[in-house]
Amino acid sequence: MMKVLYCKLLLLSIYTFSGCQSQRGDKMPDDFAFKIIWSTTSYDSETGKYSERYTYGDSVITAYLNKKELESIYRFSEQIKFSTFPPEFRCATKSDTGFPFFDTTIEMTVNSKYMKSKNTTFCDTKERNNDAENFDRLSDEISKILKKREKIKKMPNSDIMFM
């Protein structure tokens, strides 16, 4: 009888501390929100504001993401450990540079914690290069999700030229 009880407790403990916890940890917090700013485009998940800059002014539309899309972005940011990224990725000592260059900034709020990180195309190699590449992957993932929105698809690309 004691063996059966012991086995049940052991199985319950293994279940509780393995799969169960990881599922709870993957749950998107209620306050999760992000902003992303590319060279001529920006998006704020809290307000749903998507903005594209043009030579004649800005065009702004509202395009809220659904819960599934937000959860996908949240899980990706957790997977790449966005919270550990530096405020700004710096160029490595031996790195080639190029012009024009573009900056991308991502801001996130998770469990009342505000985080901000910025990456640039100015140099091809950065300190913490793997994290910089993951930053770019997150930026691309957000862009892909946003570009699926019909309203956003219909917007013309920016006419601003960079030299």
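This report describes the sheet, the nonpolar core and the disulfide of a predicted model.

## Basis of the description

Because the model is predicted, local features need pLDDT of at least 70 and side-chain atom pairs count only at pLDDT 80 or more, while totals for chains, interfaces and linings use all residues. Residues are numbered from 1 along each chain as its sequence is written, and side-chain values use heavy atoms, with hydrogens and water left out.

Six strands make up an open sheet with antiparallel pairing, in the order β4-β3-β2-β1-β5-β6. Helices (H or I, at least four residues) and strands (E, at least two) are DSSP runs numbered from the N terminus, and two strands pair if DSSP finds at least two bridges between them. The edges are held by β4 (57-62) and β6, each with a single partner strand, so one side of each lacks a neighbour in the sheet. From one strand to the next, the twist averages 10 degrees.

The antiparallel strands β5 and β6 are joined by eight bridges. Thr-104 stands opposite Asn-119 in β6.

Helix α3 lies across β1, β2 (41-44), β3, β5 and β6, and runs at about 80 degrees to β5. Axes are lines fitted to C-alpha atoms, for helices over the stretch in contact (heavy atoms within 4.5 Å); angles run from 0 to 180 degrees between N-to-C directions.

## The nonpolar core

A nonpolar core is a set of buried Ala, Val, Leu, Ile, Met, Phe, Trp, Tyr and Cys residues joined through side-chain atoms within 4.5 Å. Buried means under 20% relative accessible area, exposed over 50%, and partly exposed in between (1.4 Å probe, protein chains only). The largest such core has 31 residues, of which Phe-32, Phe-34, Ile-73, Met-108 and Leu-138 touch the most other members. At least two core residues come from each of β1 (33-37), β3 (49-54), α2 (67-79), β5 (103-110) and α3 (129-147). The largest share, six residues, is supplied by α3.

Apart from neighbours within four places in sequence, Phe-32 is in contact with Leu-70, Ile-73, Tyr-74, Met-108, Thr-109 and Val-110.

## The disulfide

One disulfide (a pair of cysteine sulfur atoms within 2.5 Å) is found in a search of the whole structure. The bond is formed by Cys-91 and Cys-123, with sulfur atoms 2.1 Å apart. Cys-91 lies in the loop between α2 and β5, and Cys-123 in the loop between β6 (113-120) and α3; the pair, 32 residues apart, thus links distant parts of the chain.

The torsion about the S-S bond is about -90 degrees, so the disulfide is left-handed. Cys-91 is partly exposed, at a relative accessible area of 29%, whereas Cys-123 is buried at 2% relative accessibility.
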